Amino acid sequence: MADPAHTGPRHVAIIMDGNGRWATQRGRPRLFGHHAGARRVREVVETCPDIGVEYLTIFAFSTENWKRTQVEVAGLMSLFRRYITKEARALNEFGARVRFIGDRVRLDKKLIALMDELEALTAHNTSVHLTIALNYGGRDEVARATKRLAEDVASGKLDPETVDEETLPKYLDTYVLPDPDLVIRTSGEARISNFLLWQSAYAEYEFIDTLWPDFGRAEFTALCENYGGRDRRFGGVKP
Ligand code: FPP
């Protein structure tokens, strides 16, 4: 049950940026930064219940990231496979419910099988809902949702006259999640890069200079506390 006195964000989404620069600053290859970045995820996940965050959604790989070098893409895919294999037990013991969003068609079968297994393993957990966006793009998600919506109209399952703002979200990958309250992007870039476009219409944003491998519990907690003091009006005026 949500605590009515809780003023912090219920759902935080994070664009984990800056791994490459973090590695370059140390004279190391970019993948070194991605590995360091993956090691930061657990701490952030484990902070969530302590600060009232029920949903955490993290951007691991975008539909645009395929444009990176073949070495980096292959390295990231291998990192995701290793991450899921290595972290499954800890995430499950912690009580995290893990979901993946994004288009799976371009992902390799072994990775998809691991994703399915982790979702099934953690399906009954409730301490925090961790959603990992993998081959995810907001426009791609809306396009895929629209296609399925159109199919339902064509087959007579959906009356186009009834389509409103509540209809499309039911076809999005995030259909079981509440909209994010707070979106954080690390590494000093003030862009949203195609992340949760529909869902973040009323989200607050925090763009911070910290590179993702340096991000942790203290900064995450401070950003969520800062959110608690904000006045969100969703386009209306204060009563
Ligand atoms: C952006 O840094 C980061 C990514 C494209 C990958 C995000 C992946 C991780 C944090 C690690 C794995 C996560 C999980 C869930 C296993 P960048 O390469 O764009 O950095 P740069 O802007 O400094 O080049």
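The briefing below takes the helix pairs in turn and then the ligand.

This is a predicted model, in which local features need pLDDT of at least 70 and side-chain atom pairs count only at pLDDT 80 or more, whereas totals for chains, interfaces and linings use all residues. Residues are numbered from 1 along each chain as its sequence is written, and side-chain values use heavy atoms, with hydrogens and water left out.

**Terms for the helices**
- Helices are DSSP runs (H or I, at least four residues) numbered from the N terminus, and their axes are lines fitted to C-alpha atoms over the stretch in contact, with angles from 0 to 180 degrees between N-to-C directions.

**Helix 2 with helix 3**
- The axes of helix 2 and helix 3 (residues 70-94) come within 10 Å and cross at roughly 25°, which makes helix 2 roughly parallel to helix 3 (angles under 35 degrees count as such).
- The crossing of this pair is right-handed, meaning that the near helix is turned clockwise from the far one by less than a right angle.
- Residues of helix 2 that take part in the contact (heavy atoms within 4.5 Å) include Arg-30, Leu-31, His-34 and His-35, while those of helix 3 include Val-71, Glu-72, Gly-75 and Leu-76.
- By class, this contact of helix 2 with helix 3 divides into 11 nonpolar, 3 polar and 6 charged residues, where Ala, Val, Leu, Ile, Met, Phe, Trp, Tyr, Cys and Pro count as nonpolar, Asp, Glu, Lys and Arg as charged, and the others, Gly among them, as polar.

**Helix 2 with helix 6**
- Helix 2 (residues 30-47) packs against helix 6 (residues 217-228) at an angle of about 40°, with the axes 9 Å apart, and the two are therefore oblique to each other.
- Helix 2 passes helix 6 in a right-handed crossing, and Glu-43, Val-44, Glu-46 and Thr-47 of helix 2 meet Arg-217, Phe-220 and Thr-221 of helix 6.
- The contact of helix 2 with helix 6 has 2 nonpolar, 2 polar and 3 charged residues.

**Helix 3 with helix 4**
- The axes of helix 3 and helix 4 (residues 109-121) come within 10 Å and cross at roughly 15°, so helix 3 and helix 4 are roughly parallel to each other.
- Their contact has 10 nonpolar, 2 polar and 2 charged residues.

**The ligand**
- The ligand is surrounded by 16 residues, the closest being Asp-17, Gly-20, Arg-21, Arg-30 and Arg-68 (a residue counts if one of its heavy atoms lies within 4 Å).
- An oxygen atom of the ligand is 2.7 Å from an N or O atom in the side chain of Arg-30.

Methods. Parallel < 35°, antiparallel > 145°, perpendicular 65-115°, else oblique. Polar contact = N/O pair within 3.5 Å; in protein donor to acceptor, adjacent residues only side chain to side chain.
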